[in-house]
Amino acid sequence: MAVLTAAAVFAAPAASAAAGPNADLRGWARLDTTGPVPKDDRLTLLVDAHSRHRPGSTTGSTEARGHATIRHEFPEGGVVNAEIDVDCLITRGSTTALTGTVSSLTITMPPGRPQPTQRDSWHPETAFSFYTDDSGHRRVGWRIPRYDDPTAPPAAARCEVPVRGDADFYLVEGGFTRRR
């Protein structure tokens, strides 16, 4: 079992592989773009994802299910909340990632900012990566869908691991536990 805490690193196999024949990734974290000390905005990620080996598979493919919620609360009011249905949980090198489809998106912008059009039919694929950077900081990458353009392609493909630097966030509070 690997736990993302202040000093822990995900222990992962060297080769690309599913997160394990039966794997779980669970936890909650506060994230920030500027560093390990958060700004006034409150960005949180909640994950409860599970994968299991697909019976009869010789390629190591898995079936994944679960849920993730990413929420951005603005200090002056307003919330962006995205609910994601997990469809893949995978480990590649030292990075664990999950992908999923945005099942619902709620946006309420702070007063004075334009309110975007809500789209009930907008369900792009998105991805999160979980890793520890070279400086020992816990990080979460996120391929952010273009909510302002419903014709834009999905931000990620199923089982695609975001590259480091893709909307990278520092994990500043909380953590994630991965069981393989």
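Student: In this predicted model, which residue meets arginine 26 in a salt bridge?

Tutor: In this predicted model, the side chain of arginine 26 has a partner with which the N to O distance is 3.2 Å. A salt bridge requires a side-chain nitrogen of Lys or Arg within 4 Å of a carboxyl oxygen of Asp or Glu, and the partner that meets arginine 26 in this way is aspartate 48.

Student: How many residues apart are arginine 26 and aspartate 48?

Tutor: Arginine 26 belongs to strand 3 (residues 22-32), and aspartate 48 belongs to strand 4 (residues 42-53). The pair therefore links distant parts of the chain, and the separation is 22 residues.

Student: Does arginine 26 count as buried, partly exposed or exposed, and what is its relative accessible area?

Tutor: Buried means under 20% relative accessible area and exposed means over 50%, with partly exposed in between. Aspartate 48, at 35% relative accessibility, counts as partly exposed. Arginine 26 is also partly exposed, and its relative accessible area is 44%.

Student: Which residue forms a salt bridge with arginine 52?

Tutor: The closest N and O atoms of this pair are 2.7 Å apart. Arginine 52 lies in strand 4 and its partner in strand 5 (residues 62-73), so the pair ties together parts that are 11 residues apart in sequence.

Student: Where does aspartate 168, the partner of arginine 139, lie?

Tutor: Arginine 139 and aspartate 168 form a salt bridge, with their closest N and O atoms 3.5 Å apart. Both residues are buried. Arginine 139 lies in strand 9, so the pair ties together parts that are 29 residues apart in sequence, and aspartate 168 lies in the loop between strand 9 and strand 10.

Student: Which residues are linked with Arg139 in a network of salt bridges?

Tutor: By the rule for salt bridges, the count comes to 7. Among the residues involved, Arg139 belongs to a network, and the residues linked with Arg139 are Asp133 and Asp168.

Student: Over the ring of which residue does the charged end of arginine 139 sit?

Tutor: A charge sits over a ring if, for Arg, CZ is within 6 Å of the ring centre and within 35 degrees of the ring normal. The charged end of arginine 139 is 3.9 Å from the centre of the ring concerned, which belongs to tyrosine 170.

Student: How many aromatic pairs does a search of the whole structure find, and is the pair of phenylalanine 130 and phenylalanine 176 stacked, tilted or edge-to-face?

Tutor: The search finds 3 aromatic pairs. The rings of phenylalanine 130 and phenylalanine 176 have centres 4.9 Å apart and planes at 65°, so this pair is edge-to-face.

Student: How many residues apart in sequence are phenylalanine 130 and phenylalanine 176?

Tutor: Phenylalanine 130 is buried at 0% relative accessibility, and phenylalanine 176 is buried at 0% as well. Phenylalanine 130 lies in strand 8 (residues 125-132) and phenylalanine 176 in strand 10 (residues 169-179), so the pair ties together parts whose separation in sequence is 46 residues.

Conventions:
Residues numbered from 1 in each chain as written. Predicted model: local features only at pLDDT ≥ 70, side-chain atom pairs only at ≥ 80, totals over all residues. Heavy atoms only, no water. Phe/Tyr/Trp six-rings, centres within 6.5 Å; stacked < 30°, edge-to-face > 60°. Helix = DSSP H or I, 4+ residues; strand = E, 2+ residues; numbered from the N terminus. Buried < 20%, exposed > 50% of the residue type's maximum accessible area, 1.4 Å probe, protein only.
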